[in-house]
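These are my notebook entries on a structure that I went through entry by entry.

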Amino acid sequence: MRRAATAVLALTLYGFAVAAPFVPADDAQVLERLPDRSAPQYRDLKRLQASAAAAPDDAASAVALADAYYRISRSEGDPRYLGYAQAALAPWWKNPEAPTAVLVTRATILQSNHEFDRALADLTKAIAREPRNGRALLVRSTVLTVQGKYAEARADCPKLYGLVPEFYVFACTAGIDSLNGRAGPAAATLDRALSSVPATDNAARAWGESLLGEIAQRRGDASAATHFQAALAADPRDLYTLGAYSDWLLDHRRAAEVIPLVQSETRVDALLLRLALAQKALQRPEANATIATLRARFDASRARGDVVHRREESRFQLQLNGDAQSALRLARDNWAVQREPADLRVLAEAAAATGDSGAQEIVRQWLAQTGLEYAEVAAMVGAGGGGRK
Amino acid sequence: MMRRALALLAFAALLASGAALAHKPSDSYLTLAVDGETVTGQWDIALRDLDFALGLDGNQDGAITWGEVKAKHREIAAYALSRLTLGSADARCTPVLREQLIDNHSDGAYAVLRFAATCPAPPRVLEVGYRLFFDIDPQHRGLLNLSTQGATRAGILSVDAPVQQFTLAELGKGEQFIDYVKEGVLHIWTGFDHILFLLSLLLPAVLVRSRIPGVHWTAAPSFNAAFWDVFKVVTAFTVAHSITLSLAALGVISLPSRLTESAIAASVILAALNNVRPVVYGGRWLIAFGFGLIHGFGFASVLTDLGLPQGSLLLALVAFNLGVELGQLAIVAVFLPVAFVLRGTGFYRRGILIGGSLVVVAIAAVWFIERAFNLALF
């Protein structure tokens, strides 16, 4: 089974390498596989499409359809569905005074395209109109966290009481605290919430466990693997956890375990990157083809003027393409936009590889200023113990 | 209520698990090669995108086969080609499909449409209008690669920039110059009002006013005398229309075209009438100069219609003017020897000078009425 999958992958990659238009020999030849349409997220889609089409001016139907597309974009990692979601909101897309529900969904789509400031403007307007809009508060807190504005982000969390299921209130606060010098207490809070707060569904459990996994990983705690595995047990196709766990395995020289995790998700650029890193670490012959595909993806992304892949592209340049200067440039540009621990790590790795003292200083300052506990990053830039413990 | 809470729950979890992990977004690859008036194209469009728009997966089994794609070939071609325009509205190059193939890109299989389009004339600027998928996926992009004469250019067609123009070949300065000279020659040769005006003034050049009562004209004593008379008239006309042509082309003066066109017709009438009932003889060059000023405005409107090249306005002006002069000289070179030979004959003096001028008056009168009153008489 595993060998068969590898063979299919190799063939696909080979197909690209010798790309030339052709006429398939056989009518039965499968050219493309689509995501499984019987999955729950597709089931409602037809109904939502029909009701949105029947009432093109109805914001509620449009928002319901856009949200459905948005969920698929997240679960499949397919940005096409972000475009479909945007199209569903077309009548209101450029209207600054759109209905509140439209503002919130629009902000959700915008932040996925890394348009954080526009997203925040929509959310702030929505919250001014409806101070008790739980989703708007939660999304705003998330966007502010990605931007590294922890104090503002955390201020939205207590407002969530009574508006969203209790677990999310804990996760909101703990997620931010874990980046802000209070990783130990944050992990304890999350642990308690996962075991004690009722009606925690699989998606919430996957999120909580993956947060715990990341905290443990940054603190160099071996329990990380257990948490990532628990997250994947709750949601085996959680793409984010697949990436985070792969990184942990790569760090711990367990590259062989990465390949079965990600080899069926190679459409997702970030997971193709992990596959390439694992293949290279294992000195597999397929590594070259995977790297070629990855390079083609980044080239295509650049050709269309996208900048949302800089975090991954920086790792690609540094670890697979041997171009540390490009890696540093990408990491710096990326850091200007998003400031999650993964972004800091990419910057630290590129700074260490190039010996760029300015970039190293940015990393050291961030660690000191936020109290982020990230032992490996601290070691890379010679910042001692890695934040307050 | 419970359902809503659950929906929010699942939603928030997806949202809060960090920044997006993404596939490659939706792009199509449009390759165009321009050779003369022919544009050949290859358009690679992702099967996933076509499936969302047209439903390629006929049996809904999650796998798109070649058979399923073939069954939709006609629909695919109609859908895609109706969303692409090449050339401007008044010079369309309509693409005609040649074949459909398949190719594998880094993110999956693409339908490959090969087509050819014929433009009305070899385009200097190719306008590409692209509307594929923008209605269903505003984040879709068309990645254009345009090649012509060995040079390639890239463009990103998006919902915010769906129509773009590509200048294919900046003509060299020399080619541009020759182009405008040609246009100048062509304009004087096909602009009958200018020719008739000039000829009307030149007809008497091979003659001199007679002092004999009842006889208006006698033959010019020498070719030299005739030549210098022609030279004065042509030079005055040239200097005058060069002045106004330049002023108008540079935007210093602009007159309504109905006024200048009517005045040009009137100038032809007056110049021809002067041959029938001479009022001015030795000062014909002054008429040439005065009315030449008006003819210059007429030339300028032609030059504006041709489209003045930015950055080489002066070059275009000089070249166009030179063309007009060369065209004039060619006419004079044919006219003068013939008229000089015939100058002693009654045919020339009555038939050509008087009769011809009357015909010119009639023609110009029709122009004048048409132009001044905006009527179509013939």
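I counted two residues as in contact when they have heavy atoms within 4.5 Å. The model is predicted, and I therefore kept to these limits: local features need pLDDT of at least 70, side-chain atom pairs count only at pLDDT 80 or more, and totals for chains, interfaces and linings use all residues. Residues are numbered from 1 along each chain as its sequence is written, chains are lettered from A and ligands numbered from 1 in the order in which they are written, and side-chain values use heavy atoms, with hydrogens and water left out.

**Entry 1: the interface**

I looked up which residues meet between the chains: 59 residues of chain B are in contact with 73 residues of chain A. For the area I used buried area, the accessible area (1.4 Å probe) that two parts lose on being put together, summed over both. Chain B and chain A bury about 6100 Å² between them, and carbon and sulfur atoms carry 61% of it.

I then searched the interface for salt bridges, each being a side-chain nitrogen of Lys or Arg within 4 Å of a carboxyl oxygen of Asp or Glu. I found five across the interface of chain B and chain A. In one salt bridge, B:Asp49 meets A:Arg80 with the closest N and O atoms 2.5 Å apart. I also noted a network of salt bridges that links A:Asp78, A:Arg80, B:Arg48 and B:Asp49.

My next search was for polar contacts, that is, pairs of N or O atoms within 3.5 Å; within protein, one must be able to donate a hydrogen and the other to accept it, and residues adjacent in sequence count only if both atoms are side-chain atoms. The interface of chain B and chain A has 19 residue pairs in polar contact, both residues being at pLDDT 80 or more. For elements I took helices (H or I, at least four residues) and strands (E, at least two) as DSSP runs, numbered from the N terminus. Helix H1 (residues 2–16) of chain B supplies the largest share of the side of chain B that touches chain A, with 10 residues.

**Entry 2: strands**

I treated two strands as paired if DSSP finds at least two bridges between them. Strand S1 (residues 30–33) of chain A and strand S3 (residues 63–65) of chain B run antiparallel and are joined by three bridges. A:Glu32 has B:Ile64 as its bridge partner in S3(B).

Within chain B I counted 11 helices and 12 strands. Strand S2 (residues 38–46) of chain B runs antiparallel to S6(B), with nine bridges joining them. There, B:Thr40 has B:Ala116 as its bridge partner in S6(B). S5(B) and S6(B) form a hairpin with two residues between them.

Is S6(B) enclosed by the rest of the structure, or open? I called a residue buried under 20% relative accessible area, exposed over 50% and partly exposed in between (1.4 Å probe, protein chains only). Strand S6 (residues 108–118) of chain B is largely enclosed by the rest of the structure, because nine of its 11 residues are buried. For chain B, buried residues make up 51% of the 378 residues.

**Entry 3: charged pairs**

A:Asp156 and A:Lys159 form one at 3.1 Å, N to O. A:Asp156 is buried at 1% relative accessible area, whereas A:Lys159 is partly exposed at 42%.

A:Arg332 and A:Asp356 form a salt bridge at 3.2 Å, N to O. A:Arg332 lies in helix H19 (residues 324–337) of chain A and A:Asp356 in the loop between helix H20 (341–354) and helix H21 (357–370), so the pair ties together parts 24 residues apart in sequence.

In chain B, the closest N and O atoms of the salt bridge between B:Arg371 and B:Glu261 are 3.5 Å apart. B:Arg371 lies in helix H11 (residues 346–373) of chain B and B:Glu261 in helix H8 (residues 257–276) of chain B, so this pair ties together parts 110 residues apart in sequence.

**Entry 4: A:Thr370**

I located A:Thr370 in helix H21 of chain A; A:Thr370 is buried, with a relative accessible area of 5%. The side chain of A:Thr370 reaches the backbone oxygen of A:Trp366 at 2.7 Å and the backbone nitrogen of A:Leu372 at 3.1 Å. Not counting residues up to four places away in sequence, A:Thr370 touches A:Tyr150, A:Leu179, A:Asn180 and A:Gly181.
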